[in-house]
Amino acid sequence: MDAITLEVMRNRFFAITEERGAALIRTAYSTNIKDRRDCSCALFDLNGNTIAQAEHIPVHSGVLPWGVKGALKTIDVESLKPGDVIMHNDPFIGGTHLPDIIIFAPIFYDGQLVAFVGNLAHHVDVGGKVPGSLTPDATEIFHEGIRFSPVKIRKEGVLDQELLRLHRMNVRTPYESSGDLMAQIAANNVGEKRFMELCDEMGADEVLEAVRELEKYCQRRMAAELAKLPAGEYEFTDYLEGDGVTTEEPLKIQVKIQAGGPQLKVDFTGTCPQVKGPLNCVRPMALACIYYVIRAVTDPSIPPNEGTFKDIEVVTPEGSLVNAVYPAATGSGNSITCQRLVDVLLGAMAQAIPEKVCAAAAGSMNGVQIGGFDPVRHEYFANGETVGGGYGGISDQDGTSGVNTHMTNTRNTPVEVLEKIMPIRVLRYGLLPDSEGPGMYRGGFGIERVLEFQTDEVDCFIASDRVKTGPWGLEGGKPAPPASFKVIRADGTVYMLPSKARVRFNTKDQLHIHTAGGGGWGAPEKRDRNLIEIDLRDGMIDAERAEMEYGYSQ
């Protein structure tokens with residue numbers, strides 16, 4: 001296929017995924033999807049390989065093809081018909097955690113199966129032992145909600161009402177959750193329609209040729225980038241702060257990257273075994289982290305496609321934290337462990353290409369899950385939030401402040417929305433001064449958020465990390481201060497929470513959240529004085545910190 005036609009077709013494929021994402025967000029019911037945009041969309045070939053994906057959530061995008069491939073192994077593909085829709089949320093056949101529900105559908109053209117269209121969305125509740133389904137004290141997958149093996153939620157265009165009733169009866173938020181399922185199905189309808197229109201316009205044979213050629217094109221481009229990496233072995237080790245259930249001992253994550261030529265090998269041998277707590281990752285989650293990092297440090301303009309990652313060999317020892325087996329709890333694997341996988345991968349790559357690698361970011365998605373019963377509305381409520389932090393500094397710029405980092409790409413919940421959907425007041429919300437990692441290019445600042453509860457018996461679940469040890473710096477940059485979670489009771493009692501905690505709040509109790517910033521890059525004393533003065537003027541650092549960390553005095 002000539003280059004111009006291939007480029008046109010590539011953009012058409014990706015436009016389909018982006019339009020589907022917009023449709024899903026606009027039609028969703030829950031705050032988590034319509035405001036926070038915790039969802040992702042992609043197109044797949046007949047084998048479940050990624051053709052194109054929207055620039056949504058990296059951990060979703062990396063896992064989605066494995067979710068489709070896993071499902072295709074368990075269903076009779078020959079029996080699929082137009083109008084069928086398959087749903088599942090099983091981590092052990094290719095997912096993340098149970099609230100992430102995958103829905104995909106076959107695309108038929110002139111009676112022939114030509115592709116699949118699919119998406120993944122994080123649901124506000126899927127049952128389990130706590131509101132929101134994610135609890136730091138889960139020790140097995142059964143604690144975390146209802147688990148669907150691949151099932152046809154729609155058969156030849158007709159919704160399976162029995163399955164929908166089963167779903168509604170097992171969640172605390174049936175209105176929002178049912179609406180989100182319908183939004184996922186509707187978004188796939190948009191993708192199916194657009195793909196068929198493309199076949200009408202270009203011809204099905206031309207479209208399928210473009211699918212094959214795009215995979216080869218992406219493989220060639222990534223192979224060229226991998227060949228540019230300095231040959232050698234690069235190792236890095238980092239730790240999580242315990243599993244929150246059986247141990248507070250550090251959990252080791254170790255990686256060795258072998259570069260040289262158009263292939264790359266990533267080996268997690270030496271990483272600790274899977275744990276009792278919900279920090280476990282299944283293999284597709286580890287693969288998603290690798291895909292994100294390699295694309296970020298080589299050429300991010302290479303389209304995310306099956307061919308892009310075909311020459312990357314990955315070793316994930318079975319039964320380890322990066323390849324957990326049934327019935328491991330996986331609820332916090334993507335929000336905590338995946339972030340640390342990115343840290344160790346970047347730490348290793350920094351030895352090869354330091355100018356392209358940022359220092360450690362906040363180190364966790366800082367998950368805060370809140371739920372309970374609202375006596376005023378006489379209904380259950382639940383909401384999950386990932387409170388952002390700071391990106392690490394890099395060789396030519398400061399880290400970004402107050403954003404979700406790396407494997408997540410969600411927005412925050414606006415204060416007005418949060419106070420409307422739950423009996424909560426937000427007393428304070430903004431960037432946290434003095435939370436950056438000092439450096440020639442400093443890390444981004446973390447976030448301060450203070451919540452006051454307006455009713456009794458509200459369950460809150462903290463799933464975080466980097467509370468004991470702050471995000472590290474690079475090339476002489478310093479680490480950022482650690483995160484912290486503080487409880488102030490209505491009677492004035494004050495105490496600190498660990499990084500993984502389950503706590504109950506009553507009226508007028510407060511939760512003070514301080515997230516970590518990013519590590520610094522380069523020696524702090526080399527920082528431009530004008531940049532220091534800007535941070536002083538904006539109140540982000542004080543005079544004492546400027547002098548102590550940067551050697552600056554007026």
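This is a predicted model: local features need pLDDT of at least 70, side-chain atom pairs count only at pLDDT 80 or more; totals for chains, interfaces and linings use all residues.

Biologist: How many aromatic pairs does the structure hold?

Modeller: There are 9 of them. One is Phe92 with Tyr326, with centres 5.7 Å apart and 85 degrees between the planes, which is edge-to-face.

Biologist: Where do Phe92 and Tyr326 lie in the chain?

Modeller: Phe92 is in the loop between strand 3 (85-88) and strand 4 (100-109), while Tyr326 is in the loop between strand 11 (312-315) and helix 8 (333-349).

Biologist: Why is the pair of Phe142 and Tyr326 called edge-to-face?

Modeller: Their planes sit at 90 degrees, and over 60 counts as edge-to-face. The ring centres are 6.0 Å apart. Phe142 comes from the loop between strand 5 (112-122) and strand 6 (151-155), 184 residues from Tyr326. Phe142 is partly exposed, at 45% relative accessibility.

Biologist: Which residues form one aromatic cluster, then?

Modeller: Phe92, Phe142 and Tyr326.

Biologist: New topic. What sits over the ring of Trp66?

Modeller: The charged end of Lys69, 4.0 Å from the ring centre.

Biologist: And which residue lies over the face of Tyr429?

Modeller: That's Arg449, at 4.1 Å from the centre of the ring.

Technical notes
Residues are numbered from 1 along each chain as its sequence is written. Side-chain values use heavy atoms; hydrogens and water are left out. Rings of Phe, Tyr and Trp (its six-membered ring) pair if their centres lie within 6.5 Å; planes under 30 degrees apart count as stacked, over 60 as edge-to-face and the rest as tilted. Helices (H or I, at least four residues) and strands (E, at least two) are DSSP runs, numbered from the N terminus. Buried means under 20% relative accessible area, exposed over 50%, partly exposed in between (1.4 Å probe, protein chains only). A charge sits over a ring if NZ of Lys or CZ of Arg is within 6 Å of the ring centre and within 35 degrees of the ring normal.
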